[in-house]
Amino acid sequence: MDYSKIKTLGELKKSGYQSRNIKTEIRQNLISKLQAGEKVFKGIHGYENTVIPDVERALLAGHNINFLGLRGQAKTRLARQMTALLDEYIPVLEGSDLNDDPLAPLSRWAKDRIAELGDDSPIKWLHRDDRYFEKLATPDVSIADLIGDVDPIKAANLKVSYSNELSIHFGMIPRAHRCIFVINELPDLQARIQVALFNILQEGDIQIRGFKLRLPLDVQFVFTANPEDYTNRGSIVTPLKDRIGSQILTHYPKDRKTAREITRQEAKLQLEQSERVGIPDPALELLEQIAFEARENEYIDAKSGVSTRLTISALENLVSTAERRALIDGSKQTQVRLLDFMGIIPAITGKVELVYEGEQEGAGIVAENLIGAAVKSILPEYFPALEDLKSSDQNNPYKALIDWFAQGKTLDMLFEWSDAEYQKALEGIGPLNNLMDAYQSNAAKEDRYFLMELVLWALSEYSRLNKERLEDGFNFADLFSSYLRSGEL
């Protein structure tokens, strides 16, 4: 259909256009996409067999939806992508506040307009991107904001009584007629405001200033809520919950592979950063594992959740840490080091809610412990597990390395070292190179030094070596001799 040629109600009628309510429109477009094998929700990973099928079932059923899940679980993104299921354009009576359908006018103004102009009533075409409305529920949201209120000035100018529909200044929901309307963080909406939604969702009328107005709004409602809100700030009142057709539970990525896809897709890295900074594959695995460790950590409030934004921000910080070092050193290229993970601590501390014991421990200490726990978790994917090995075991593959430090040798790893200094220091440890040759001989060159560093960190996490924080880096040394030095002090 050539929308540009249809500009009046009469031309619209001649074109044979047939109106559909929004739920039917979404349903039929979804059916077409499913039959054609098209992917409806793009760029959303990990929901292919869980959340997305639930969403599609709800839309086929013509339900309003409530997404219930912790922060950073793509709830709003799912809602925003529903616009792809709308028709590209729909006709709207020009000048209407409520997106009135020219073939089925809703408001008194639209009905009077068509009665006056007939088939000459002008229309415009509304694009699907303009049919999405979103409101964040905050305690200051009023009924007037969402539904509307009587406008005394409007009533005076039109010389109508306050009980006349023409005197109403409509709120966001009536103006979202024939659109998708999203209310984020629904439990934050005051209970009396939630009550005002009852009739809109079920009976199709609204009440303003004591008089009832039959206004069968055609809206696809989507709500989002965080389970934490039910105890901390509010709840969804039961009758409103009863009127929402489907409540769909969202979740965090269930594996690191999915989490990596999300992080790399969402992280905003500059092109020059990507060209200057290489990221070893084990570093990406370690980064994602930190989030998994945080979701199980006793010092972090599990009810609050650990958003996927943690690893997104952490990756941006990690690359920036390496980039800053290269800029200071004058290097054109560099690789991410495990030492650089100290630069992601601000990204961690700002993304987790600590329980009382965690606050006592300190956010920075908790963040460092998460990095250490992640190191322990991913080590067995590259080298023999350390848990079951005894230092005295002659078959212990780490014994030669531990003995190297037991001879009184130490290793300083400094944050601002050049790549040459960093690599020279690691290559100077013979047993560490032998360990790499035995278990990671086929490792890519860009991964080799990171894995060597990973071994040292893991040994310290398992209390086989001592890792001491310096002002400008870390010192690795024999555990026993470190105890003796501390005793002498």
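1. In this predicted model, the side chains of Arg131 and Glu25 form a salt bridge, with N and O 2.8 Å apart. The two residues come from distant parts of the chain, 106 residues apart. Arg131 sits in the loop between strand S3 (123-127) and S4, while Glu25 belongs to helix H2. Arg131 and Glu25 are buried.

2. A second salt bridge joins Asp101 and Arg178. Here the closest N and O atoms are 4.0 Å apart. This pair also links distant parts of the chain, 77 residues apart. Look for Asp101 in the loop between strand S2 (89-93) and helix H5 (108-117). Arg178 is in the loop between helix H8 (172-175) and S7. Both residues of the pair, Asp101 and Arg178, are buried.

3. Next comes Asp340, which forms a salt bridge with Arg325 at 2.6 Å between the closest N and O atoms. Asp340 lies in the loop between strand S13 (334-335) and helix H17 (345-349), and Arg325 lies in helix H16 (residues 309-329), so the bridge ties together parts 15 residues apart in sequence. Why does Asp340 count as buried? Because its relative accessibility is 4%, and the cut-off for buried is under 20%. Arg325 counts as buried too, at 3%.

4. Some salt bridges share partners, and these join Arg256, Arg260, Asp281, Glu285 and Glu381 into one network. The count of salt bridges comes to 21.

5. Glu285, a member of that network, lies in helix H15 (residues 281-296). Glu285 counts as buried because its relative accessibility is 12%. Which residues does Glu285 contact, leaving aside neighbours within four places in sequence? They are Arg256, Arg260, Ile378, Glu381 and Tyr382. With Arg260, the side chain of Glu285 makes a polar contact of 2.6 Å. Ile378 is 93 residues from Glu285 in sequence, yet their C-alpha atoms are 7.6 Å apart.

6. Now the sheet. It is open, has 5 strands and runs in the order S4-S7-S10-S1-S11, with parallel pairing. Strand S4 (132-136) and strand S11 (246-249) are the edges, each pairing on one side only. On average, neighbouring strands are turned by 20° against each other, direction ignored.

7. S4 pairs with strand S7 (residues 179-184) over 5 bridges, in the parallel sense.

8. Two helices deserve a look. Helix H2 (residues 22-35) packs on the sheet and touches S7 and strand S10 (219-225). The direction of H2 makes about 80° with that of S10. Helix H3 (residues 51-60) lies across strand S1 (65-68), S10 and S11. H3 runs at about 170° to S11.

Notes: Residues are numbered from 1 along each chain as its sequence is written. This is a predicted model: local features need pLDDT of at least 70, side-chain atom pairs count only at pLDDT 80 or more; totals for chains, interfaces and linings use all residues. Side-chain values use heavy atoms; hydrogens and water are left out. Two strands pair if DSSP finds at least two bridges between them. Helices (H or I, at least four residues) and strands (E, at least two) are DSSP runs, numbered from the N terminus. Axes are lines fitted to C-alpha atoms, for helices over the stretch in contact, and angles run from 0 to 180 degrees between N-to-C directions. Contact means heavy atoms within 4.5 Å. Buried means under 20% relative accessible area, exposed over 50%, partly exposed in between (1.4 Å probe, protein chains only). A polar contact is a pair of N or O atoms within 3.5 Å; within protein, one must be able to donate a hydrogen and the other to accept it, and residues adjacent in sequence count only if both atoms are side-chain atoms.
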